[in-house]
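Reader: Hello! Could you take me through one part of this model up close, together with the open space around it? I would enjoy one connected account, with the cut-offs spelled out as you go.

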Amino acid sequence: MHATSRSIVTNQTGPHDDVSRRVARALEHPLRKPVAEHTRAAFVEADAWLAARQAPLILDAGCGVGLSTRCLAERHPDCAVIGIDRSADRLSRDHGTLSDNALLVRADLVDFWRLALEAGWRPLQHYLLYPNPYPKASHLKMRWHGHPVFPTILALGGRLELRSNWRLYVEEFALAVEQATGLRAAILEHEPTNAYLSPFERKYHLSGQALWRLTVALPHCPSLLPE
């Protein structure tokens, strides 16, 4: 079976020249964006759900329709898996019953991450799956490593895993991680061998595109954020 998905088209020839400046700015200037009330309410419910389980936490950030969350919950039955996405439409699609160790949350990720760090969450694993590349050079600030929330993502700690079909995006993320933490993230070409973690992974792989995976073990480090 084959799929058709266009490859990433970018006007960059290498890592963006402004990555270092964006990361430095995020480390020096606190993010003052007010937390949306719908995300605050969603977080309160998620926090209560997690507290009732007393299990290691896996975060599936930007989970889309929630298939990756379901897959992670099945692979890790002893963990509590929380998938977060901003789209009510995506999260409402019927993909079967959600297991008891999984929860889908509609929330703004930028706000949810900040609330999670404030509440002392310490994920065992933290996934950032496809797509989020924003391939135009002018869109660097929309990539997670170019966004002011980047230090919060790292400060939560745990085994962070990023997957993408755009190697340059993964390389930039690794540069940003090393600048912020001094840690070198591992980058490997990813071969799913039919064990797809998300619909995008399946689509890109069946389209013949190379997939890339970045992993790094991060300490829980709230002090990474500027005051």
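Author: Helices (H or I, at least four residues) and strands (E, at least two) are DSSP runs here, numbered from the N terminus. A friendly word on the ground rules: this is a predicted model, in which local features need pLDDT of at least 70 and side-chain atom pairs count only at pLDDT 80 or more, while totals for chains, interfaces and linings use all residues. Residues are numbered from 1 along each chain as its sequence is written, and side-chain values use heavy atoms, with hydrogens and water left out.

Back to H8: its buried residues are Glu201, Tyr204 and Leu206, where buried means under 20% relative accessible area (1.4 Å probe, protein chains only). Their cover includes strand S5 (158-164), strand S6 (186-190) and strand S7 (211-218), judged by contact, meaning heavy atoms within 4.5 Å.

Now for the open space. The largest pocket holds about 870 Å³. Of its 33 lining residues, Gly62, Arg86, Arg90, Asn132 and Trp144 are the closest to its centre. Two or more lining residues come from each of strand S1 (57-61), helix H3 (67-75), H5 and helix H8 (199-206). By class, this lining divides into 19 nonpolar, 7 polar and 7 charged residues. A pocket is an open set of points on a 1 Å grid over the protein atoms alone, where a 1.4 Å probe fits and protein lies on both sides within 12 Å along at least five of seven lines; lining residues have an atom within 4 Å of a point.

Asp111 counts as buried because its relative accessibility is 0%. Its side chain makes a polar contact of 2.7 Å with that of Lys33, a term for a pair of N or O atoms within 3.5 Å, one able to donate a hydrogen and the other to accept it. Leaving aside residues up to four places away in sequence, Asp111 touches Lys33, Pro34, Val35, Ala36 and Thr39.

Methods: Buried < 20%, exposed > 50% of the residue type's maximum accessible area, 1.4 Å probe, protein only. Points joined across faces, edges and corners; volume = space filled by probe spheres on them. Nonpolar A, V, L, I, M, F, W, Y, C, P; charged D, E, K, R; others polar.
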